[in-house]
Amino acid sequence: MKNKNTVLVIAVFAILAAVLLAGCAPSAQEDEQITITMWFGRQEFVPHDQFARFHAENPNIRVEWDVIPLEQAHTDFLRNHAAGSAPDVVQIFQTPLTGHYNWDYSSADGRIRKLYRLGKELNWNAEMDVDWNRDFPRDQIPMDETFNPFNGWEPFESLSDDEKLRFSWHNLAWMLAQFMHGEQGALLVASQLASCAPTYDAKLYAASQTFDEARHVEVFTRYLQEKIGILYPVNDNLKALLDKILSDPRWDLKFIGMQIIIEGLALAAFNTLKMTAHDPLLKDIIHLVIRDEARHVTFGVNYLQDYVETLSEEELEDRAHFAYEACVVMRERLIATEVFEEFGWDVDQARKVTLDSQIMAQFRNLLFTRIMPNLRRIGLLTESVRPRFEKLGILQFENLGDDGEIDWAELSKPLYEQAS
Ligand SMILES: [Fe+2]
Ligand SMILES: [Fe+2]
């Protein structure tokens, strides 16, 4: 049930984020009785107070939960899934993470140590370094409409001007919410990398990245809550990729999935948003986040390049296919199905309009201009995956500039040179 699932995740998101934005988030139809089933890994993780408040405010939605010990969650989920009784939301993941001590404190890799140093030097604080006293008028379109694929499409054109304005704000809110959720994923993965990256330099760097990602989650959350007031749940495709990256035991796969694919795409998306967003405050925020992300991607490429050379052919193919699958999933993440549902559109039709739109196809491809050269650089564009990438229409970007050659001048620029 498509509608049910949307409502479920949105409702649960609202509960877990402790932000009950009644009237702001999309809501269930009043007369529809819905039960949400959830699993938690520990009794103390169950937000009883928030559930009680949610039930009082949403009498037609019932949340039922179970506590499943972390150790058996995976087996239980597979059994229940096969029996058709899997829960709607599982807020648990388990990972057989292999940690490494490293007792050799001499710096083996000057590039990684230098990136770590830059991470410390270029720190910023969203509470002090961003002027939040600016409010962009809600009666104005917040983004350049050039990329709206629905111009000329009847269900969109039949909306009133007010509804079109509301659509534009929802679209922006959806996009920023995916950034926010992606940043939380990055926070969790970076913290894993501090433990499982094998070298001392990489551990220090991963620790600094963890702090960067925490500030990114903070800044997007604050903007969405204070300036827009519309919260969307994590997109299924993004969540599936985060699940895979977080629960895979191989550290290099975490690097490939997060530093190369998700962050490479985010970096291109941030740059586009910085150009198309109209709110100067949002532009400043994106500018600051881009500075950090450029460093993260550079770290990923430089650290992986040497390691990938040591892989066997079978291991290499495994990583190359993972990178391809991740790119396919991330293309799907770019389709705002949850917004289509909010406006009562036929999701399949709206999805088709998005996919067929030339401007959106160009936009989607543009987002891979950072990923493809980096995959080539680290050796993951193997002969077996090249035809697949070609079919996606993104192999053509492989020879653009990559992040292997570090542009130290660019990465070292003063933080606020361009921010207002
Ligand atoms: Fe980030
Ligand atoms: Fe990042």
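Which residues are exposed on the other side of α4?

The structure is a predicted model, in which local features need pLDDT of at least 70 and side-chain atom pairs count only at pLDDT 80 or more, while totals for chains, interfaces and linings use all residues. Residues are numbered from 1 along each chain as its sequence is written, and chains are lettered from A and ligands numbered from 1 in the order in which they are written.

View 1. Helices (H or I, at least four residues) and strands (E, at least two) are DSSP runs, numbered from the N terminus. Ile112, Leu115, Tyr116 and Gly119 are buried in α4. A residue is buried if 20 or more other C-beta atoms lie within 10 Å of its own, exposed if 12 or fewer, and partly exposed in between, with C-beta atoms placed from the backbone. These four residues lie on the same side of α4 because they cover an arc of only 100 degrees around the axis, the arc being that of the directions from the helix axis to the C-beta atoms. An α-helix has 3.6 residues a turn, so residues three or four places apart point the same way. On the other side of α4, the exposed residues are Gly110, Lys120 and Glu121.

**View 2. Loops on either side of α4.** Thr95 is located in the loop between β3 (89-90) and α4. Thr95 counts as partly exposed because it has 15 C-beta neighbours inside 10 Å. Ser247 is 152 residues from Thr95 along the chain, yet their C-alpha atoms are separated by 4.4 Å. Asn123 occupies the loop between α4 and α5 (126-129), and is likewise partly exposed, with 14 C-beta neighbours inside 10 Å. From Asn123 to Asp212 the C-alpha distance is 7.9 Å, across 89 residues of sequence.

**View 3. Packing of helix α7 (residues 161-196) against helix α8 (residues 200-228).** The two helices pack at an angle of about 155 degrees, with their axes 8 Å apart. Axes are lines fitted to C-alpha atoms, for helices over the stretch in contact, and angles run from 0 to 180 degrees between N-to-C directions. α7 and α8 are therefore roughly antiparallel, the term for angles over 145 degrees. The contact of α7 with α8 comprises 19 nonpolar, six polar and three charged residues. Ala, Val, Leu, Ile, Met, Phe, Trp, Tyr, Cys and Pro count as nonpolar, Asp, Glu, Lys and Arg as charged, and the others, Gly among them, as polar. α7 passes α8 in a left-handed crossing, meaning that the near helix is turned anticlockwise from the far one by less than a right angle.

**View 4. Helix α8 and helix α11 (residues 280-308).** The axes of α8 and α11 come within 11 Å and cross at roughly 155 degrees. This pair is therefore also roughly antiparallel, and the crossing is left-handed. Leu282, in α11, is buried, with 22 other C-beta atoms within 10 Å.

Definitions and conventions: Parallel < 35°, antiparallel > 145°, perpendicular 65-115°, else oblique.
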